[in-house]
Amino acid sequence: MKNSRLEHDFLGERSIPNEAYYGIQTLRALENFNITGIPLRTEPLFVQSLAYVKKAAALANRDLRVLDPNIADCIAAACDKVASGEYDGQFLTDMIQGGAGTSVNMNANEVIANVALELMGHEKGQYEFCHPNNHVNCSQSTNDAYPTAFRIALSNKLVGYAQTLGDLADAFAQKGDEFRNVLKMGRTQLQDAVPMSMGDEFRAFATNLREELLRIEDSRRLISEINMGATAIGTRVNAPDGYAELVTEHLRTITGLELVLAGDLIEATYDTGAYVQLSGVLKRTAVKLSKICNDLRLLSSGPRTGFNEINLPPLQPGSSIMPGKVNPVVPEVVNQTAFYVIGADLTVTMAAEAGQLQLNVMEPVISFALFTSISYMTNACRTLREKCVLGITANVAHAEQLVRNSIGIVTQLNPVLGYETSAEIAKEALRTGKTVYDVAVTERHLLSQDKWDEIFTFENLIRPHFIQ
């Protein structure tokens, strides 16, 4: 038995390993695009979505009598096997490539064709019975098949990301409940401000992240518009009448997604605005998450010479030279992940801008940037929740002591003594090292003990109400 088969395209002939389900155009891509070293199979949802697109196309072509029903049904069955993940290892093209995604599209066409051939009882490469272009790619172009599959994969990938982000927000909310009666000092510009509840601080983190879940859902709605049936540039060349609408209907059934056929297929074929918006949402969340991690690092700083209001779970020794040092490694790694996502947003922006006339050929780098950003953000959220947030504890007594000794509590006296008198108290306390109580009550007798006790109850410091 031969170990290889001979395949040809209009550039010539090449030898393909017999065990390979991909064909000559995939082989050329492997030779030409050694860029990231990250193959298509690392994004199984993309492979699955390509199979969904090819199945929907085969069924629509069968219904419109463009494809022989037996060939169409075998292609559909082959797509089911590919969508199950059975042939992920055959999707080897680099995630970044020239050709606007043609190599990815042909990788899918060739694998599906060869799986279908085996289902028919033929050998791989006997394309006269099921051809990658004539049959699997029937009524399609890379320019509608690739972005449609990309959008389906993005939508499904965002579901997992949103779940993980929601779990992280819930973890912060749980800590908010746990710390609801922990008194601490609020700060602005890294200076003492006014007292607050540590629980409110952590609940605000949760609210901050939950806002992003709405933006993710907005982005999923935006990328649900597809251009299947547009073929090369949106004019529907080589697609039968009714195909675009029918293939979209089949895709809705296959994927379970509320996919919508674009109203202007020429515009939809070159437009990448939805990717820019999604990338912006990912960047926005990354910025928020990084800010929260900055706060966690500050609040846990010390333990003797920093804020030391909270303790992060100790995960590993922090220094090769300083014994006993433990670093906030999880917030640090999330910071770095956020920096990557922020940078990837610029990549998406530049790639979207680089489109020319009826097509944007830079979509492969957009797909790589968005897929990796979603993956990295998902991993970062999961890591932050499991390795950090769930194990945070509060240094209750220390946090309250910082409040009682703070100059910032003088703000509570504004309604009673006025701003200028309160400022004088703050200045005197800061100059002498005395407490606000010492200056206002003991020395200057500006307040009675009863009034002080009324203003500075634990409840009023943590959940203040107006006292005059």
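**Entry 1: secondary structure and overall form**

I looked up the secondary structure and found 18 helices and eight strands in the protein; helices (H or I, at least four residues) and strands (E, at least two) are DSSP runs, numbered from the N terminus. I then noted that the radius of gyration is 30 Å, well over the 23 Å that the globule rule gives for 468 residues, so the protein is more spread out than a compact globule. The radius is taken over C-alpha atoms, and the rule is 2.2 Å times the number of residues to the power 0.38. The C-alpha trace spans about 100 × 55 × 35 Å along its principal axes.

I recorded that this is a predicted model, in which local features need pLDDT of at least 70, side-chain atom pairs count only at pLDDT 80 or more, and totals for chains, interfaces and linings use all residues. Residues are numbered from 1 along each chain as its sequence is written, and side-chain values use heavy atoms, with hydrogens and water left out.

**Entry 2: burial and contacts**

I found that 50% of the 468 residues count as buried (under 20% relative accessible area; exposed is over 50%, partly exposed in between; 1.4 Å probe, protein chains only). I also looked up contacts (heavy atoms within 4.5 Å): among those between residues at least 6 apart in sequence, 71% join residues at least 24 apart.

**Entry 3: salt bridges**

I examined Asp-80 and Lys-55, whose closest N and O atoms are 2.9 Å apart. Asp-80 belongs to helix H3 (residues 69–83) and Lys-55 to helix H2 (residues 44–63), 25 residues apart. Asp-80 is partly exposed at 40% relative accessible area, whereas Lys-55 is buried at 18%.

I next examined Glu-309 and Lys-184, a salt bridge with closest N and O atoms 2.9 Å apart. Glu-309 lies in the loop between helix H10 (273–299) and strand E7 (310–311) and Lys-184 in strand E3 (residues 183–188), so the pair ties together parts 125 residues apart in sequence. Glu-309 is buried at 0% relative accessibility, and Lys-184 is buried at 1%.

I finally examined Lys-288 and Glu-211, with closest N and O atoms 2.7 Å apart. Lys-288 is in helix H10 and Glu-211 in helix H7 (residues 198–222), 77 residues apart. Lys-288 is buried at 14%, and Glu-211 is partly exposed at 33%.

Notes
Salt bridge = Lys/Arg side-chain N within 4 Å of Asp/Glu carboxyl O.
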